[in-house]
Amino acid sequence: MGTWAAGPFDNDAAADWCADLDEASPERRPGLVELALREAVREGDFLGSWPGAKAVAASAVVAAHLPGGPPVDSAYAPDFLTAGGRLTLTAELPVLALRALDRVLADGSELAELWEEAGELDEFAAALAPIRAALASPTGAAVVGG
């Protein structure tokens, strides 16, 4: 996987997923976010880097819709979101996104293993910390609609 930074959109898998989200019709986009999160949570003992990276990007999208969540401002993020667009997301998605993000950082995650092998797992976890904080906050269960 090509990775150029520790941000949630800074790798090939996330950039490809964001392009797919951009190209999808507005009514299909929330389902694509949910699918990326569920795929990561459903994985057994091993979570591959591509589904893990997509789950990180989807978690960042969900977190950006929460009060105080980090904005989606990467050049590799979905264009409709960086232009101020919103998604109508269900109230359960912040909890699912938190579970997916925790799975990406847990044992048995290829993405975490790759960052650890590079000696930069702490940098990766630090880049995800604002996303995790927004998802774990009491407002994470608030209405996230657009």
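Which side chain of opposite charge is nearest to Asp-10, and how far away is it?

## A buried charge

The model is predicted. In it, the nearest side chain of opposite charge to Asp-10 is Lys-54, 17 Å away. Asp-10 is buried and has no salt bridge. A salt bridge needs the nitrogen and oxygen atoms to be within 4 Å.

Asp-10 sits in the segment before helix H1, which spans 12-23. Its side chain reaches the backbone nitrogen of Gly-7 at 3.2 Å. Asp-10 also touches Thr-3, Trp-4, Ala-5, Ser-74 and Tyr-76, leaving aside residues up to four places away in sequence.

## A bridge inside one helix

The count of salt bridges comes to four. One of them joins Arg-38 to Glu-34, with the closest N and O atoms 2.8 Å apart. Both residues belong to helix H2 (residues 29-42). They are four residues apart, or about one helical turn.

Arg-38 is partly exposed, at 30% relative accessible area. Glu-34 is partly exposed too, at 23%. A network of salt bridges links Glu-34, Arg-38 and Glu-92.

## Bridges between helices

Lys-54 pairs with Glu-39 in a salt bridge, the closest N and O atoms being 3.6 Å apart. Lys-54 lies in helix H3 (residues 49-64) and Glu-39 in helix H2, so the pair ties together parts 15 residues apart in sequence.

Arg-132 forms a salt bridge with Asp-102, with the closest N and O atoms 2.7 Å apart. Arg-132 is in helix H7 (residues 121-136) and Asp-102 in helix H5 (residues 93-105), so this pair ties together parts 30 residues apart in sequence. Arg-132 is partly exposed, at 32% relative accessibility. Asp-102 is partly exposed, at 30%.

Definitions and conventions:
Residues are numbered from 1 along each chain as its sequence is written. This is a predicted model: local features need pLDDT of at least 70, side-chain atom pairs count only at pLDDT 80 or more; totals for chains, interfaces and linings use all residues. Side-chain values use heavy atoms; hydrogens and water are left out. Helices (H or I, at least four residues) and strands (E, at least two) are DSSP runs, numbered from the N terminus. Buried means under 20% relative accessible area, exposed over 50%, partly exposed in between (1.4 Å probe, protein chains only). Lys and Arg count as positive and Asp and Glu as negative; His and the chain ends are not counted. A polar contact is a pair of N or O atoms within 3.5 Å; within protein, one must be able to donate a hydrogen and the other to accept it, and residues adjacent in sequence count only if both atoms are side-chain atoms. Contact means heavy atoms within 4.5 Å.
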